[in-house]
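Hi,

Here is the structure I promised to pass along. Have a look at it first, and then read on for what turned up in it.

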Amino acid sequence: MKIIYLLVSFLSFCVSAQVYNLPALPFSNDAYEPYIDGQTMQIHHDKHHAGYVNNLNKAIASTPMEKLSITDLLMYASFRSASVRNNAGGHYNHSLFWEILAPPADQKPMSKELENAIINQFQSIDEVMVAVNNAAATRFGSGWAWLVVNPQGKLAVYSTANQDNPIMDVSNERGIPILGIDVWEHAYYLKYQNKRGDYLSGIWSLINWGVVSDNYTAALNNPLLAELEKDNWLALKEFHKVMAQTFHPAEEKNFEPLRSRSGEMYAKAILLKNSRPPETVNNKKVQDALSRLEKQCFIIHSTVQKPSKKVDVQNALLFDQITKAHEIFHEIQGLCHD
Ligand SMILES: [Fe+2]
């Protein structure tokens, strides 16, 4: 009987096992007053953040995504469901937010390294705060303002909508966040109502620059920065979409997408050839492959435009031609990940 009880307990544990857990707030709810009231902290953490964690666990349950890291979920957000994108973002963003907030007496000072970087790029600490506040104040609706390390290792200030963040491929501006300000109304409405500006003035008293400094050093040494740089080659992504949407149907003998979009594919190959690859992959091998890809897309488009009475024969030729273009494309992708 005891064995059965243990087995049932074990199985129910497995069924309810959570991949992600709600991190505890580092301080009590009212420790952030008067800048953020205790009730707001309690609802924000215990209800809103908990909701993101629960919904994220539900969205990835029994899928291969259970084995992926949070940054993998975020980085390819455009390929994920809205639920994964919103809840993975919500969990990551709030976890960072709690980390960087502390009552004034518990804060640590900014490192020399971060201070020098800020002064080099923004002239003063005040200026970087103004830049973040501008990004936060002008974010329409719900979202976040960020101080990030961008793929070039520089500091940058961005803002994103909803629960997106600059790690995500849906964001035009990429980087690793080291400081994030939540500008959803749930972060401030009880105390500040519609006065987002007053909340933004108060929040800086709670920023623990010591933690932001640690985040800065960690971001500079994070291999994710190089991945973000390669992933930020938008012309390659644009070409990838049209290639995937024409080649894969052709593999299943459906040539209609290729026939109707060969001109678009050729145009995107030209744009890709003329785009600037990320510094780390801007070399002769990549440039050579881009030229070959452009020529191959021209050949495909010319074949499509030629009138032919023998459609099967022309389709077979098109399949050989797009297979070659597909191989060149993957050669470029491979060179990007060497
Ligand atoms: Fe929030």
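**What was found**

Tyr199 counts as buried, because 22 C-beta neighbours lie inside 10 Å. Do keep in mind as you read that this is a predicted model. The place of Tyr199 is in helix H8, which covers residues 196-203. Leaving aside its neighbours within four places in sequence, Tyr199 is in contact with Tyr188 and Tyr192. Ala187 sits 12 residues from Tyr199 in sequence, and the two are 8.9 Å apart in space, C-alpha to C-alpha.

**Helix H8 and its partner**

Two packed helices are described by the angle between their axes and the distance between the axes. Helix H8 packs with helix H6 (residues 125-137) at an angle of about 150°, and their axes are 10 Å apart. That angle makes H6 roughly antiparallel to H8. The crossing of H6 past H8 is right-handed. If you want to find the place where they meet, look for Asn133, Ala136 and Ala137 on the H6 side, and for Arg196, Gly197 and Leu200 on the H8 side.

**A loop residue worth a look**

Next comes Leu101, which is placed in the loop between helix H4 (82-100) and helix H5 (112-122). Is Leu101 buried or exposed? Leu101 is buried, because 25 other C-beta atoms lie within 10 Å, and the cut-off for buried is 20 or more. Not counting residues up to four places away in sequence, Leu101 touches Tyr32, Leu206 and Asn208. Leu101 and Ile203 are 102 residues apart in sequence, yet in space they are 8.5 Å apart, C-alpha to C-alpha.

**The nonpolar cores**

The largest nonpolar core has 52 residues, and the members that touch the most others in it are Leu74, Val132, Ala145, Trp146 and Leu147. Apart from that core lies another one, of 23 residues, including Trp233, Ala269, Leu290 and Phe329. To go back to Leu74, which residues does it touch, not counting those up to four places away in sequence? For Leu74 these are Ala88, Gly89, Tyr92, Asn165, Ile167 and Met168.

Another packed pair is helix H11 (residues 234-251) with helix H14 (residues 311-336), at an angle of about 135° and with axes 10 Å apart. That angle makes H11 oblique to H14. The crossing of H11 and H14 is left-handed. From H11, Met243, Thr246, Phe247 and Ala250 meet Phe319, Ile322, His326 and Phe329 from H14.

**The chain as a whole**

Stepping back, the domain assignment gives domain 1 (21-230) and domain 2 (233-336). The centres of domain 1 and domain 2, taken over C-alpha atoms, are separated by 39 Å. The secondary structure of the chain comes to 14 helices and three strands. Along its principal axes, the C-alpha trace spans about 80 × 70 × 35 Å. The chain has 338 residues, of which 32% count as buried. Among contacts with a separation of 6 or more, 70% are between residues 24 or more positions apart.

Happy browsing, and do write back with any questions.

Best wishes

Note on methods. Residues are numbered from 1 along each chain as its sequence is written. This is a predicted model: local features need pLDDT of at least 70, side-chain atom pairs count only at pLDDT 80 or more; totals for chains, interfaces and linings use all residues. A nonpolar core is a set of buried Ala, Val, Leu, Ile, Met, Phe, Trp, Tyr and Cys residues joined through C-beta atoms within 7 Å. A residue is buried if 20 or more other C-beta atoms lie within 10 Å of its own, exposed if 12 or fewer, and partly exposed in between; C-beta atoms are placed from the backbone. Two residues are in contact if their C-beta atoms, placed from the backbone, lie within 7 Å. Helices (H or I, at least four residues) and strands (E, at least two) are DSSP runs, numbered from the N terminus. Domain bounds come from an automatic or database domain assignment. Axes are lines fitted to C-alpha atoms, for helices over the stretch in contact, and angles run from 0 to 180 degrees between N-to-C directions. Angles under 35 degrees count as roughly parallel, over 145 as roughly antiparallel, 65 to 115 as roughly perpendicular and the rest as oblique. A crossing is left-handed if the near helix is turned anticlockwise from the far one by less than a right angle, and right-handed if clockwise.
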